[in-house]
Structure formats: structure tokens, C-alpha cells
Amino acid sequence: MIYIFLGIIAMAFFIILILRRKALLQTAAPLKNEEIDPLFIDIKDIDKMEDGSEFEMYLYRLLLALDYKGVYKTVGSGDYGADLVFTDRSGTRNVIQAKRYKADNPVGLSAVQEIYSSMRYYKAKKSIVISSSSFTGACETLAGVNHVRLIDRGDLIDIINLFKEKNIERVKEIIEAEPRVILESWSEYTNEIPEIKKDKKAEKLVLTR
């Protein structure tokens, strides 16, 4: 009798292990490109994506679903800083850099530097960084100075939900909104020359020559 009881316990334990392993595999399984349909993707799915290429594909398909013109995804390597290109409702070409970061890992300066510098190559007039996270203070300042639109996690969640509600116009309004402008020009704030951090070691080296 005891052997039957032990056998039942062992079988139950074995079944639990199989079910647990199956659940883990389902959780960790990356989305295939053909499965990336904006209608069935939420922020939790984006958080589970293994790398930035899946996030880029999501945004690419989203832009197509929004019926934007001139939408294309750039080549992974040698993209000159832009992941996606599209033409908005006003006929203006935009470049996008997609940053799929963890929620607690803010995007830094390089994203703004790269997307801003890519505009001339793609003959674009507007630039956007879309992130599944937030942005550092320095990143927001540089974006504001250079008129780069930042779309953070909160904006992205709004875009996802509104798209699923088929509120297409509101989604486009969020994407095409004007960037937050910071320090349009120094003359608007002061007539004095702004204090700029200098490399004292470099200056001293030049003066001693």
C-alpha cells in the first residue's frame, strides 16, 4: 500500500514539473516576426521581447497599420542612427530610433545624438525616439534643445491602448506631437555668455607650450 502511495506522489511531482517547465517555456518564448500583430501586442509582450529588433518590427507594423506613407525599416547594421522612416500626415518625413529597454533603465544621450544626426542622411525634418522605458534628464534636455520628440513608456502604453480601441487619429496625434522645447536660444534667457564647462587640463597644456 505504501508503495502505491509513494508512486502516486512521485507521479504527481513529475506532472507538476512538466507543467511548470511548459509554463516557463511559454513565458520565455520570443515572438516570431509573423506573430507581431499590433492588435494583439501589449506592453507586457514588449517587455518580454528578447532584443530591439522585435520592438522595431512592432513599430514598423504599427506605422503600416496606421496607414502612414513612406514607411520602411532600415537595415540592422549601418542604419546611420535611424531604425524606421515614415511620412506623417503633413507630408513631413520622420526618422525613429526604437529603444526597447527595461522599465527601470532610462535611455541616455546617445539615442538623441544618433537620431538627430541621422536626419540629414534620410532627408528627414523630424526625429523621434520611442522607448519602452523613460529618459534621463540629460537626454530630455538635449532632445529639447534639438527639437527631438521623445515618446516614453507612458506614451507608448497610451498608443497601444488607443490603437486597440481603433482611435487612430489620437494615436497619430501622440506620435506627431511637437517635441518639448528647452532653451530655444540663449538670448531668450540671458544676454550674457552662458557658462560652459571647460577642460582645464587641456587649456593648461596649451598655455604651457
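**Salt bridges and exposure**

Modeller: In this predicted model, lysine 126 counts as partly exposed, with a relative accessibility of 27%.

Colleague: What makes lysine 126 partly exposed?

Modeller: Buried means under 20% and exposed means over 50%; at 27%, lysine 126 falls in between and is therefore partly exposed.

Colleague: Why is the pair of glutamate 178 and lysine 126 called a salt bridge?

Modeller: The closest N and O atoms are 3.5 Å apart, and the cut-off is 4 Å, so the pair qualifies. Glutamate 178 lies in the loop between H7 and helix H8 (200–207), and lysine 126 in strand E4, so the pair ties together parts 52 residues apart in sequence. Through shared partners, salt bridges join Asp88, Lys126 and Glu178 into one network.

Colleague: Is glutamate 178 itself buried or exposed?

Modeller: Its relative accessibility is 58%; the value is over 50%, so glutamate 178 is exposed.

Colleague: How do you know that glutamate 169 and arginine 89 form a salt bridge?

Modeller: Their closest N and O atoms are 2.8 Å apart, which is within 4 Å. Glutamate 169 belongs to helix H7 (residues 168–176), while arginine 89 sits in the loop between strands E2 and E3, 80 residues apart. Relative accessibility is 44% for glutamate 169 and 43% for arginine 89; both values lie between 20% and 50%, so both residues are partly exposed.

Colleague: Why do lysine 69 and aspartate 67 count as exposed?

Modeller: Lysine 69 has a relative accessible area of 54% and aspartate 67 one of 51%; both are over 50%, hence exposed. Their side chains meet in a salt bridge at 3.9 Å, N to O, which is within the 4 Å limit.

Key
Residues are numbered from 1 along each chain as its sequence is written. This is a predicted model: local features need pLDDT of at least 70, side-chain atom pairs count only at pLDDT 80 or more; totals for chains, interfaces and linings use all residues. Side-chain values use heavy atoms; hydrogens and water are left out. Buried means under 20% relative accessible area, exposed over 50%, partly exposed in between (1.4 Å probe, protein chains only). Helices (H or I, at least four residues) and strands (E, at least two) are DSSP runs, numbered from the N terminus.
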